[in-house]
Amino acid sequence: MTQHLAAPATTTTTGTRAEPAPWWRDAVIYQVYPRSFADGNGDGMGDLAGIRSRLPYLKELGVDAVWLSPFYASPQADAGYDVADYRAIDPMFGTLHDADALIRSAHGLGLRIIVDIVPNHCSDRHDWFRQALREGPGSRLRERFHFRKGKGPDGELPPNDWESIFGGPAWTRVEDGEWYLHLFAPEQPDFNWEHPAVQDEFRSILRFWLDLGADGFRVDVAHGLVKAPGLPDIGSGDQLKLLGNDVMPFFDQDGVHEIYRSWRRILDEYEGERVLVAEAWTPTVERTALYVRPDEMHQAFNFQYLTTNWDAQELRTVIDGSLAAMRPVGAPTTWVLSNHDVTRHATRFANPAGLGTQLREQGDRELGLRRARAATLLMLALPGSAYLYQGEELGLPDVTDLPDEVRQDPSFFRAEGQDGFRDGCRVPIPWTREGVSYGFGAGGSWLPQPRAWGELSVEAQSGVPGSTLELYRAALAVRRDHPGLGAGSMVTWLDAPDGVLALARDGFLCTTNTTGAPVRLPAPGTLLLATGPVTVTDGVAVLPADTTAWWTV
Ligand code: NOJ
């Protein structure tokens with residue numbers, strides 16, 4: 001719906017609530033990447049004790065929940081997304097006692113904890129896989145995975161043409177001649193979700209963490225569990241290009257939904273509004289919406305928003321499309337700009353040439369940060385739930401010049417250095433101006449931090465008006481105090497100059513200038529917060545280039 005900027009007032013926002021909506025509908029959820037957040041024991045690797053010690057910071061920042069990337073026992077072939085034991089903590093991160101203490105402390109502060117569950121694959125060191133290897137071809141234990149004979153006279157060719165997301169074939173041959181499927185690294189064998197033992201095991205794992213107090217699960221590769229019957233060939237040479245754009249025989253198969261219905265029934269047995277969040281890369285937002293039907297998951301990541309250019313029209317199209325796709329199923333839309341798999345948005349937006357999610361250039365850092373701040377404030381004005389990735393509140397750029405020898409991203413090695421630059425967004429975050437790892441811990445840091453990071457630290461930005469950290473704190477405080485923000489499923493678009501977005505929400509207005517030049521607008525209300533120096537003179541507001549402003553009306 002479009003109204004005039006000079007005359008906002010009535011909105012069609014469905015934000016007025018008769019009774020409090022479930023917490024997750026408009027929650028701001030902060031992603032902690034355990035190895036890079038805070039190091040409690042000084043070994044250079046972040047851990048659960050470190051995270052626990054920094055919970056007050058997250059409380060003060062103003063988030064509602066924390067999502068922890070995996071901390072389970074793991075050989076770390078894919079930074080913990082290769083799980084050897086789903087009920088144990090990797091010693092590098094601490095113990096079960098630490099996990100318990102972390103959850104309790106978070107709850108004590110009113111923060112929820114979402115843990116990452118990795119059901120598509122495990123580690124090749126998981127007991128089940130080791131047993132399956134030992135038992136040999138034809139063994140029943142191999143049926144929990146996808147073992148097959150190869151093609152060709154001696155079975156020397158993979159059973160089908162599927163490629164690993166990390167590059168190379170999706171099959172690895174074992175000594176006895178059979179092949180097993182791994183959509184990711186060879187150290188990550190895919191489970192066979194047709195097998196009842198796999199289904200039972202994961203229901204039991206869910207209960208384990210729910211009993212420990214977890215408020216929910218972020219479900220890794222939620223779209224991958226079920227494969228098309230017969231594991232058919234794809235028949236295309238460039239499979240990576242098809243990913244996320246086309247239906248693949250290993251992704252987004254209809255059979256996955258029955259699994260999440262059964263998981264939902266388990267969560268509903270527990271008190272406290274526990275949640276399931278899908279990491280599901282699907283060809284369309286409409287397909288994503290299927291994961292959040294009323295008897296399935298609660299939320300799904302909105303990757304369409306993350307991959308949108310800094311362009312008013314494109315942003316508006318994605319916002320409208322996302323809201324429209326979720327409305328029929330009654331789920332909140334989610335918004336996310338950064339995570340541990342993509343180039344941080346301050347760097348993506350600094351590269352005018354393109355918006356890849358794996359960038360190797362810094363681009364124009366000032367421009368990138370300006371746009372990143374504006375993009376964040378726009379995101380936080382939208383109805384639904386927003387995800388933040390650790391360090392974005394400091395405006396951290398990606399580290400694009402890590403030497404190859406320190407990189408750990410398995411896709412970097414599989415793709416022979418052509419891709420796999422996820423380490424750049426995983427560099428430990430700076431807490432203090434000085435110190436061996438800028439307050440990350442008493443020791444070093446598992447990936448080198450750039451020298452300039454002291455000035456981006458929490459210490460350097462705290463209390464500094466206009467700093468990115470104070471901007472995030474202020475925005476989250478407004479969001480908390482302004483219940484209409486985040487609620488409902490509609491925005492009202494107001495007429496605005498080219499390149500400017502103006503949206504109204506329940507007594508509140510957000511204007512975003514995506515252009516490289518200042519724009520003049522009739523001041524639409526009282527200025528509440530802005531990402532740059534907005535001026536208002538005689539009823540005329542000047543919005544600098546790449547700036548978002550929030551107004552009350
Ligand atoms: C998605 C996770 O976010 C990513 O980090 C991981 O490599 C893959 N899933 C495989 O688990």
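**View A. Aromatic pairs across the structure.** Searching the whole structure turns up 32 aromatic pairs, where rings of Phe, Tyr and Trp (its six-membered ring) pair if their centres lie within 6.5 Å, with planes under 30 degrees apart counted as stacked, over 60 as edge-to-face and the rest as tilted. In one of these, phenylalanine 129 and tyrosine 180 have ring centres 4.9 Å apart and planes at 70°, so the pair is edge-to-face. This pair links distant parts of the chain, with phenylalanine 129 in helix H4 (residues 127–135) and tyrosine 180 in strand S9 (residues 179–181), 51 residues apart. Helices (H or I, at least four residues) and strands (E, at least two) are DSSP runs, numbered from the N terminus. Both phenylalanine 129 and tyrosine 180 are buried, and here buried means under 20% relative accessible area, exposed over 50%, and partly exposed in between (1.4 Å probe, protein chains only).

A word on the model: it is predicted, local features need pLDDT of at least 70, side-chain atom pairs count only at pLDDT 80 or more, and totals for chains, interfaces and linings use all residues. Residues are numbered from 1 along each chain as its sequence is written, and side-chain values use heavy atoms, with hydrogens and water left out.

**View B. A stacked pair of phenylalanines.** Which arrangement do the rings of phenylalanine 145 and phenylalanine 191 have, stacked or edge-to-face? Their centres are 5.4 Å apart and their planes at 20°, so phenylalanine 145 and phenylalanine 191 are stacked. Phenylalanine 145 sits in the loop between H4 and strand S7 (147–148), and phenylalanine 191 in the loop between S9 and helix H5 (196–211), so the pair ties together parts that are 46 residues apart in sequence. Phenylalanine 145 counts as buried because its relative accessibility is 2%; phenylalanine 191 is buried too, with a relative accessible area of 2%.

**View C. Arginine 144 in the loop between H4 and S7.** Arginine 144 has its place in the loop between H4 and S7. Is arginine 144 buried or exposed? With a relative accessible area of 15%, arginine 144 is buried. From C-alpha to C-alpha, arginine 144 and glutamate 194 are 8.3 Å apart in space, and they are 50 residues apart in sequence.

**View D. The surroundings of the ligand.** The ligand is surrounded by 13 residues, and the closest are Asp78, His121, Asp220, His340 and Asp341; a residue is near a molecule if one of its heavy atoms lies within 4 Å of it. By class, this shell has 4 nonpolar, 2 polar and 7 charged residues. For that count, Ala, Val, Leu, Ile, Met, Phe, Trp, Tyr, Cys and Pro are nonpolar, Asp, Glu, Lys and Arg are charged, and the others, Gly among them, are polar. In the side chain of aspartate 78, an N or O atom is 2.5 Å from an oxygen atom of the ligand. Histidine 121 has a polar side-chain atom 3.0 Å from a ligand oxygen atom, and a polar side-chain atom of arginine 218 also lies 3.0 Å from an oxygen atom of the ligand. On its own the ligand has 290 Å² of accessible area, and the protein covers 97% of it; these areas come from the Shrake-Rupley method with a 1.4 Å probe.

**View E. Two nonpolar cores.** The largest nonpolar core has 136 residues, and of these Leu58 and Trp550 touch the most other members. A second, separate core has 15 residues, including Trp171, Trp179, Phe184 and Leu243. Each core is a set of buried Ala, Val, Leu, Ile, Met, Phe, Trp, Tyr and Cys residues joined through side-chain atoms within 4.5 Å. In soluble globular proteins, nonpolar side chains tend to be buried together.

**View F. Two aspartates with positive phi.** Aspartate 252 has a positive phi of about 55° although it is not a glycine. Its place is the loop between helix H6 (239–242) and helix H7 (256–269), and at 6% relative accessibility aspartate 252 counts as buried. Aspartate 538, also not a glycine, has a positive phi near 45°. The loop between strand S20 (535–537) and strand S21 (540–543) holds aspartate 538, which is exposed, with a relative accessible area of 78%.

**View G. Valine 256 in helix H7.** Valine 256 has its place in helix H7 and is buried, with a relative accessible area of 0%.

Conventions
Polar contact = N/O pair within 3.5 Å; in protein donor to acceptor, adjacent residues only side chain to side chain.
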